[in-house]
Amino acid sequence: MNYQTTTLRRALAADYAIGLMPATARKRFEHLLLDDAALRTELGHWQDALASLTGTLPERPVPDHVWAGIKARIEPQVLHVPAKKPFWMNFRLLAAACAVVLALFVGVLYQRDNTAQYNATLVNASQQPALRIQAFADYLQVEPLTTVVLEPTRAMELWAVPAGGKPISLGLMPDSGKGRIPLSKEQQALLTAPLTLAVSLEPRGGSPTGQPTGPVLYQGALATR
Amino acid sequence: MNVQAGLPSAYRAQSRRPRSRAWRSPISIHDADLLRPLLAQCALGNRQAFETLYRSVSPRLHGVAFRFMGRSDLAEEVLQEAFVRIWYNASRYEPHLAAPMTWMVNITRNLAIDQLRKHREQPLADGQQDALLDDSPSAHEQLDSEREARALNRCLDTLDGMQRQSITVAYFQGLSCSELADHLAAPLGSVKSWIRRGMERLRRCLES
């Protein structure tokens with residue numbers, strides 16, 4: 001549309017001033033106004049002229065609560081800040097200081113358990129790394145290295161296979177893939193001896209027999225750090 | 001703060017200063033010369049000036065809000081919101097474009113129209129619906145009742161009945177062209193041309 005036509009510009013300004021424009025047209029017109037001073041002037045004339053339609057309306061006394069409502073909206077919110085206290089009385093500072101101390105404390109505590117005692121990278125049938133396992137004091141941190149889509153009726157179960165012994169279940173792989181598998185005391189004791197870790201495909205809920213029933217997907221040796 | 005000293009009397013006394021404009025400004029009730037500095041002070045965060053402004057124009061804006069809403073509770077809500085906006089947007093008022101009163105009336109009117117549109121979307125109870133619908137004749141009664149030599153009213157008189165009616169109804173109800181056509185039970189094309197020709201004629205009249 002050619003907005004330079006005088007007639008059109010006048011008509012648009014008039015429409016806008018009356019309020020006839022639908023929202024999209026209004027936005028477009030406001031955009032035009034931004035860098036068109038002459039159009040703003042034209043609109044100003046119309047707005048002045050039309051505003052005088054309200055000039056004959058009777059004034060109405062305004063109840064006091066309106067002013068109270070306005071004041072409540074425009075007054076800066078009063079903050080209930082108590083009179084100045086020594087800085088150590090400042091609750092927020094104190095809380096921040098406590099948080100720092102706590103964080104340090106927890107950090108120190110956590111550090112004791114926080115290093116993985118064993119690592120294993122399990123490989124799939126084609127010898128590609130498929131699953132990283134870190135053993136901590138009472139849990140295993142597992143992290144898939146490839147994306148695997150399991151049917152909802154299936155689950156992956158992790159087994160410890162002692163040299164020359166039967167596989168012992170360590171638990172199911174987390175549904176989300178990455179996650180933790182908690183270890184019982186017995187399981188923790190197992191992991192002190194050299195062993196192989198394996199993941200088998202099982203029905204949802206894990207092997208019904210206590211031994212792997214499905215194919216072994218990944219396996220690898222647990223290495224002491 | 002000298003802005004508010006003796007406002008009400010100063011108000012009317014100074015109120016007829018000629019304005020250098022091609023268009024005669026029909027706004028004269030509340031004089032721009034007094035309101036402009038008040039708005040400027042509001043833009044600087046002067047609460048006293050704001051209160052003075054409120055005291056001097058709120059009855060008029062309340063009248064405007066009531067004309068649109070037709071119910072005192074709704075009118076008061078609109079009025080309150082309008083003043084909150086006036087306070088926060090005072091720095092955006094551009095004195096060279098429109099008279100202060102125009103600016104404030106427009107803020108009030110836009111808020112009122114937003115509310116009306118909301119209410120139109122959710123149908124009102126019967127009584128309220130009537131109150132909204134039958135207010136176009138009262139607009140004319142009010143316009144007719146005060147035949148002052150105000151430029152716009154004089155110029156409105158030069159329009160055909162339907163031209164005048166479509167402009168005033170659209171103005172006071174915030175109707176789009178098609179809603180206006182429904183409201184006036186007239187074809188959309190006719191409504192558009194009434195408005196177009198009416199505004200052209202108004203313009204010529206105001207410029208003369």
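Predicted model: local features only at pLDDT ≥ 70, side-chain atom pairs only at ≥ 80, totals over all residues.

## The end of H1(A)

The buried residues of H1(A) are Leu12(A), Ala13(A), Ala14(A), Asp15(A), Tyr16(A), Ala17(A) and Ile18(A). Their cover includes helix H2 (23-34) and helix H3 (37-51) of chain A, together with H9 and H11 of chain B.

## H9 and H11 of chain B

The axes of H9(B) and H11(B) lie 8 Å apart and the two helices pack at an angle of about 95 degrees; because angles of 65 to 115 degrees count as roughly perpendicular, H9(B) and H11(B) are placed in that class.

From H9(B), the residues Met162(B), Gln163(B), Arg164(B), Ser166(B) and Ile167(B) meet Val191(B), Trp194(B), Ile195(B), Arg197(B), Gly198(B) and Met199(B) of H11(B). Sorted by class, this contact of H9(B) with H11(B) comprises six nonpolar, three polar and two charged residues.

## The contact between the chains

Chain A contributes 34 residues to the contact and chain B contributes 46 residues. On the side of chain B that touches chain A, the helices that each supply at least two residues are H3 (47-69), H4 (72-89), H5 (100-121), H7 (135-145), H9 (161-173) and H11 (188-207). H3(B) gives the most to this side, with nine residues, and the residues of the side of chain B that touches chain A divide into 28 nonpolar, 11 polar and seven charged.

Note on methods:
Residues numbered from 1 in each chain as written. Chains lettered and ligands numbered in written order. Contact = placed C-beta atoms within 7 Å. Helix = DSSP H or I, 4+ residues; strand = E, 2+ residues; numbered from the N terminus. Nonpolar A, V, L, I, M, F, W, Y, C, P; charged D, E, K, R; others polar. Axes fitted to C-alpha atoms, helices over the stretch in contact; angles between N-to-C directions. Parallel < 35°, antiparallel > 145°, perpendicular 65-115°, else oblique. Buried ≥ 20, exposed ≤ 12 C-beta atoms within 10 Å, placed from the backbone.
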